Amino acid sequence: MAVKDYIRQRFFPHMWCPGCGHGTILNALLRAVETLGLKKQDIVMVSGIGCSARISGYVDFHSMHTLHGRALAFATGVKMSKPELNVIVPMGDGDALAIGGNHFIHAARRNIEMTAIVMNNRIYGMTGGQFSPLSAHGSMGTTAPYGNIDHDFDVVELATAAGATFVARTTTYHVHELSDFIAQAISHKGFSVLEVLSQCPTHYGRRNRVGGAVDILKTYKNNTVRIGSDKKQENPDLIERGVFVKKELSEYCREYDRLIAREHREAE
Amino acid sequence: MNKTPETTETSENIKFMQGNDVCAQGALYAGVEFFAGYPITPSTEIAEQMAMQLPKHGGKFMQMEDEISSLCAIIGASLTGHKVMTATSGPGFSLMQEALGYAVMAEIPCVIVNVMRGGPSTGLPTHVGQGDVNQARYGVHGDHAIIALTASNHQDIFRMTVEAFNFAETYRTPVILLLDEMTGHLREKVVLPEPGAIPLVKRLRTAVSNGVDYHPYLPREDGRLPMSDFGEHHRYNVTGLYHDMWGFPSEDPKIVYGLIRHLFDKIENNIHQIARFRKYYLKDADILLISYGAAARSALHLVENRRRRGEKLGLLELQTLWPFPGEIIREACRNVKFTIVVEMNMGQVLEQVRLSVDTPEKIFLANRIDGELITPTDIRNIKRVIQGKGI
Amino acid sequence: MKKKQYKGHKIERSWCKGCGICVEFCPKQVLELDAEGKVSVARPQDCICCKLCELRCPDLAIEVICTEPGTENGHE
Ligand SMILES: Cc1ncc(C[n+]2csc(CCOP(=O)(O)OP(=O)(O)O)c2C)c(N)n1
Ligand code: SF4
Ligand code: SF4
Ligand code: SF4
């Protein structure tokens, strides 16, 4: 099926600003779904609230646009009650890790088979450029007019510590890697987290004087390296990309199915 | 206490259990398939029963990280076509308000049990209260309508739990079941109805076939909205934003107006189908008590006691609190000398009763707000003051 | 290995928001923004069918049509 068969074309052009990285993530996601040959009716996309969350309206899957931060909680109910569905949960950085941080670590801990995609633009896009828990120390936002004194989370370390069994990071510049990682994350039999550095030229770019979409993409190109690269040793500020965790652990829905089967056997 | 016609007693189906367990039994009878919750006194036994029973019935139980995610999870599970429930108490119910509004807006059938304790805040975790009546109605931001039910004894807890599921499916809406610490923890007899004795409302699913345009948010002529399960061929959108008949966000004033009217009308226009109540000695009553939940037990006790002495007391026990059955109340109050609303809060139902009648000055309050159950004597004392007899 | 053969760009003009991402990162400088700020294919003859423009476009506005080696129309 062509990529355009997976979208609701009547809503295009979409609402994102020119050059917004969220569109590139949508683009890569459709390609991943195409590569995997998934049927549209077997996919549920659950999103929260934010610019990022609008992604669910554009895909021709079952879609739920829920509450700020709660996408994983809704998705958990969808997945648990119908485990045969592929559940994909794209989230903004504030969505996933500020208001939704608790659901994020608990979904990871349960190892429930869902794909969490953190569309990390390091700022609150929808509400106009406030700092987020992924904004770097010292960065600027409308609510950090003198520079951000908070420290940011490292999503990869956080997800790993919380127990996610697939953890990866890439950017909207590295598009082949992006659709490959999304496909890997969807195929993974457990809770998968993919952090995607995604540009918000409108708010992050402007406020932090890093320029427009093209300029931010250049920083993704120049300031990131594949895991294990020697360059990281020379320059510790480089951000690593790649698959950090990929391991097997009993998956939550299957675990519950086994519990049911056990109970039934005993009842007989 | 009150035998419902559907139950014939046999040694098999007579049980002695606490109200929370009865609620769980009612939910299983209604066909609950998915429960997500977070422990909180005095509702925890419902979750414990669900954890025990659901896997045996092929259903699923989840303990979530909080009450927010509990309600979110059951909403998700409802969309895959399952009957769902959560149970909590005051603090947890407060946390659920945002997701409750979502369920109202997106029209998702689900049942939320709130076993009320003393509030506000952590309040009185192990004591009875009825302070969440207004929260059930108005806790969600924005205009909306809601169904909230209650019960005073175990037979009715069973029945109203089943009704809650039935209303949720019929009106595609969240339904709140307001129980309280006293009935939740009280152990008394209940006769479990045989399968089929109480009719069950099944999920109404669309007959629109694959490839034909399906409108998840277009009411039929009778006002009901057939659903399609996630995973079936119809792919649509669910959102908490104002939306069109396909579920896609819209800010068109006509669509916004149409949707909010629909959300109100589907409940308020069906008030007669939704109103549940019990009438005790109303025909010749000259003093009327109006009560609900645990407080109604004391009210009934007083009425029966006074009747034996020839005093013409009557009781209207409310089982549907929202939408508020104003007409029924107005009718019941019309020919009595005065009315006493008996409840364990500062007069939340009292307020509604006064708004419903022609002579609000003849409506009085007998309440208790100290975490103790209101007693028949408490009510009698108020009655005597009203009658100018002194305590 | 035979090279892919370039057949043309399919551009959804009304979807293009002129962000310039495709233009900047095309390895062969095939693309430009026109007077209206929309993408245009200035040097089609240089296109190497890498499809990076198609993959990076945030607006799904570009499709690059290429035939796979050994097939007629690119779709086997
Ligand atoms: C409970 C609640 N609090 C606050 C908001 C307001 N709000 C909407 S989107 C958003 C943040 C969006 O930022 P992010 O999640 O990083 O996504 P982005 O818009 O950058 O894609 C906030 C704070 C809300 N909708 N709900
Ligand atoms: S504000 Fe930022 S995140 Fe939101 S659409 Fe615009 S560029 Fe994208
Ligand atoms: S990347 Fe897409 S939206 Fe941006 S200029 Fe090129 S075609 Fe237009
Ligand atoms: S396919 Fe590659 S070479 Fe051709 S226009 Fe696109 S980016 Fe340039």
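Predicted model: local features only at pLDDT ≥ 70, side-chain atom pairs only at ≥ 80, totals over all residues.
Colleague: Which pair of chains has the most contacts here?

Modeller: Chains A and B, out of the two pairs that touch.

Colleague: And how far apart are chain B and chain C?

Modeller: Their closest C-alpha atoms lie 20 Å apart, and no contact joins them.

Colleague: OK, chain C and chain A then. How many residues are in contact?

Modeller: On the chain C side 18 residues, and on the chain A side 27. Together the two chains bury about 2000 Å², with carbon and sulfur atoms giving 63% of that area.

Colleague: Which three residues of chain C supply more of its buried area than any other three?

Modeller: Trp15(C), Leu55(C) and Leu60(C), which supply 33% of what chain C buries against chain A.

Colleague: How many salt bridges between chain C and chain A?

Modeller: Three. One of them pairs Lys4(A) with Glu12(C), with 3.2 Å between the closest N and O atoms. There are also twelve residue pairs in polar contact between these chains.

Colleague: Which helix of chain C gives the most to that side?

Modeller: Helix 2, with four residues. Helix 1 (21-25) and helix 2 (52-56) each supply at least two. By class, the side of chain C that touches chain A has nine nonpolar, two polar and seven charged residues.

Colleague: Switching topic: what surrounds ligand 4?

Modeller: Residues of chain C, including Cys26(C), Cys47(C), Cys49(C), Cys50(C) and Cys53(C). His9(C), Lys51(C) and Val64(C) are also among them.

Colleague: How does that shell split by class?

Modeller: Nine nonpolar, one polar and one charged.

Methods. Residues numbered from 1 in each chain as written. Chains lettered and ligands numbered in written order. Heavy atoms only, no water. Near = heavy atom within 4 Å. Nonpolar A, V, L, I, M, F, W, Y, C, P; charged D, E, K, R; others polar. Contact = heavy atoms within 4.5 Å. Buried area = accessible area lost by both parts, 1.4 Å probe. Salt bridge = Lys/Arg side-chain N within 4 Å of Asp/Glu carboxyl O. Polar contact = N/O pair within 3.5 Å; in protein donor to acceptor, adjacent residues only side chain to side chain.
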